[in-house]
Amino acid sequence: MNARTNILLVEDERIVALDLKQQLETLGYFVSGMAATGEQAIHQIENGNPDLVLMDIHLEGMLDGIDTADYIQKNFRTPVIFLTAYAENETIERAKTTSPFGYLVKPCTVRELHGTLQMALARHAAESARARSEERLRLALSAAEMSVWEWDPATGNLVHDGGGIPERGFLYVQAVAGECFIADLHPEDREPVGKLLEAAKAAGHAVRRVYRRMHGRELHYLEVQASVRFEHRGNALRLIGVIRDITALMSAQEQLRQAAAIYDGIAEGVLVLDAAQQILSINPAFSRITGYTATEVVGQRMHDLLHTRSPDDRVSPLVITDTKSSWSGEMLCRHKGDRVFPIWCSTAVVRDKQGAVLRYIIAFSDISAIRQTEEQLNFLVHHDALTGLPNRLLLSDRLEQTIQRAARAKGIFGLIYLDLDEFKFINDTLGHAAGDAVLKTVTVRVKSALRRGDTAARLGGDEFVILLDSISHAEDVAKIARKLQEAISEIMDVGNETVTITASMGLSVYPNDGETIAGLLSAADTAMYTAKSIGRNQYCFYTPEMSHRAKERVTLEQGIRRGLRQKEFRVYYQPQVEFATARVAAVEALVRWPQPQGGFIPPVRFIPIAEENGLIDPIGRFVLDQACRDVAQWHRDGLPPTRLAVNVSARQLINRSFDRIVIEALQDSGLPPYLLELEITESTLQALGQDSSHLRELRKLGISIAIDDFGTGYSSLSMLRHLPLDRLKIDRSFIKDVPEDGNSVVIVQTILAMARQLRLEVVAEGVENELQRDFLRANHCDIAQGYLFSEPLPAEVMWRTLCATF
């Protein structure tokens, strides 16, 4: 078996393909590619050169395996073996038309597979060898173009041995003594050839002539030798001779001239050495690559001039070719200016009939650029292209080495799993270019906080891992984590924006938190998520209890995905009561997730996970669509117009399709735009910055905009003044302590006064008792919402409540 046999595997079932690939590689074959469709297989053969194709018959796409094999047979002649579960006569008959090299029915044993492959390869090798032999014979006969002929003038019969002379040559011979022959010659050759033939007939001596004949538009050169045999009375008995097409010989001179031009103009350096390895000649490219002129090198030994004399250099190719006819490989070459560079060198040996060396022909090219490219590719394989940090592959290698050293020395080392807080939000709002700039700046700051010998790697996105080697105590890891916090959280300028970013970090220590790469990374990753959950910009050491919480988190995320697929989420409504009229002015749509066993999973548990994993988009769209349909139906059923308030996450708002999604929800439900209010948090408005075009376009449609949880963020007054807002919603954290807490009273009164100046309505959230209600009414709050008035209700219950109210 040839260990270098390349096999293209064509199988549409990936698991089966991977299993076959493993079997083939176990047997020593090299699987150069895998394809799931006939089109992919043909494309891979066009771009590669597999030795054999292992083909399933049932494939995806337009072509099945038999169609694909037929195309391969006609265009590439690459051997195909069918490996299929189909064994019906009709299928087999179709397969036979493609002349396959084997037909295996699944399931087959590894021995059957190996045996079939070997037989197919042997058959293909034999057929290829036979084809090459037949081609050589054909070319040899065609190249000779020679025939012995005998012509009898009395009978006009022509006898010849058929030694490969083409048909046109026979015509030449047949007409060699007649007017037809003379007329067929090149005009310049007619008179000289005619005289020679007459002389041959008269004198009987041999005539040899090279003449030209026009064959269509082609000019051919033939050599004719003729001799006349006479009978005893002196009459010509017959004409005997040899005819040979020497067009190739005549063109050889032209080819030699072309070869000289190529020798002088080729990009590779070429030199010719004698048997003593002294340089006889060089081409111009040799001088361009090495810096030596012909005068400087002719008569010199190549080894003395170009060898680097370095222990790392390859053995001279001239030594290798002492027993071989050719050699090619990479070696180092020394420039005239002593610069050493890699070359790809090919050497051929010219020998006499006894095998003695006559000449060495050496061609080489400078492959410095190729090696530099390879080094760059190798760097990219092991490093992150954006930051230049080691990637996961290189990190794993260094972790493995560090684990081995620590195990031998019974030492410890630390691992920090670092994730940037709110990076995706920055990336989505400021753009990917700004996100890349942030990552580069963070990289510089991370490296500045580390010690010599520590490794910082980027796993992708905004995730980094820091390997801290040679620590004495676990507290050393915490010290580095604090330095990283300080370095990363410094203000940075990104384009025209000023950004402050923080990081959440999980810390693990070998061997307490794991003795394998996977175990240590998993522990640090779990600790990082714990750090995020307790407020971000934090770091946490791993504890075993975190694994349980991490599993719960994964379970919850999977539950959210299942809940979306199975439509488990529901929309509840909480009324907003107007102080002036004591009537319901609006309802807020709130998502609820009931469980089969009873009860609800609180939004505070699943909403943050949905936001982090991008699941908030489908949840938010479901709430918007369902709420618009419900409220529109209430109005069609006779209720007075009631405003609908829907919460919008930051991810939804920065979605370029958000305007279209809102318009579709209104159009599909029939809800008038003026009855829809979108509630947006302060942090979302901060991320939008001065770009409020999204909100202004929605306002043009008649949709109102409210700031939700006002007071918990850091909105500036100038931002509020320039945004297209209709309402402020005071966060429940300020309402719950009024009127008892003086600070809360001042904050609420200040918000109310500011809203009046900005001509904004105010909604107070979380009103749960009469004291809070009376305080808000006394301070001219517009609207209140909370359990004092109603808990969130299902759509049908909310409908009945509104009917009773109105």
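Which residue forms a salt bridge with D419? In this predicted model, the partner of D419 is K532, and the closest N and O atoms of the two are 2.9 Å apart. D419 belongs to strand 16 (residues 412-420) and K532 to helix 19 (residues 517-533), so the contact ties together parts of the chain that are 113 residues apart in sequence. D419 and K532 are both buried. Several others are taken up below, together with the sheets and strands around which the description is arranged.

An open sheet of five strands shows parallel pairing and has the order 2-1-3-4-5. Its edges are formed by strand 2 (30-35) and strand 5 (102-105), each of which pairs on one side only. From one strand to the next, the twist averages 20 degrees. Within this order, strand 3 (residues 52-55) and strand 4 (residues 80-84) run parallel and are joined by three bridges. One point of reference in that pairing is M55, whose bridge partner in strand 4 is F82.

Another open sheet of five strands has antiparallel pairing, with the order 12-11-15-14-13. Strand 12 (279-282) and strand 13 (326-334) stand at its edges; each has a single partner strand, so one side of each is left without a neighbour in the sheet. Neighbouring strands here are turned against each other by 25 degrees on average, with direction ignored. Strand 14 (residues 340-351) and strand 15 (residues 357-366) pair in the antiparallel sense over nine bridges. In this pairing, W344 stands opposite S365 of strand 15.

E330 forms a salt bridge with R371, with the closest N and O atoms 2.4 Å apart. The pair links distant parts of the chain, E330 lying in strand 13 and R371 in helix 14 (residues 368-382), 41 residues apart. The two partners fall on either side of the 20% limit below which a residue is called buried. E330 has a relative accessibility of 19% and therefore counts as buried, whereas R371, with a relative accessible area of 22%, is partly exposed.

Which strands pair with strand 24, and in what sense? Strand 23 (residues 570-578) pairs with strand 24 in the antiparallel sense over eight bridges, and in this pairing P575 stands opposite V587. The hairpin of strand 23 and strand 24 has five residues between the strands, and A582 takes a positive phi near 60 degrees there. Strand 26 (residues 643-648), by contrast, runs parallel to strand 24 and is joined to it by four bridges. In that pairing, A586 has R643 of strand 26 as its bridge partner.

Strand 24 also pairs with strand 25 (residues 600-601), in the antiparallel sense and over two bridges. Here P594 stands opposite F600 of strand 25. The hairpin of strand 24 and strand 25 likewise has five residues between the strands, and G598 takes a positive phi near 105 degrees in it. Just after helix 21, G614 takes a positive phi of about 75 degrees.

E664 forms a salt bridge with R660, and the closest N and O atoms are 3.0 Å apart. Both residues lie in helix 24 (residues 658-669), four residues apart, about one turn of the helix. E664 counts as partly exposed at 26% relative accessibility, and R660, with a relative accessible area of 42%, is also partly exposed. Elsewhere, salt bridges that share partners join E588, E679, K729 and E765 into one network.

Key. Residues are numbered from 1 along each chain as its sequence is written. This is a predicted model: local features need pLDDT of at least 70, side-chain atom pairs count only at pLDDT 80 or more; totals for chains, interfaces and linings use all residues. Side-chain values use heavy atoms; hydrogens and water are left out. Two strands pair if DSSP finds at least two bridges between them. Axes are lines fitted to C-alpha atoms, for helices over the stretch in contact, and angles run from 0 to 180 degrees between N-to-C directions. A salt bridge is a side-chain nitrogen of Lys or Arg within 4 Å of a carboxyl oxygen of Asp or Glu. Buried means under 20% relative accessible area, exposed over 50%, partly exposed in between (1.4 Å probe, protein chains only).
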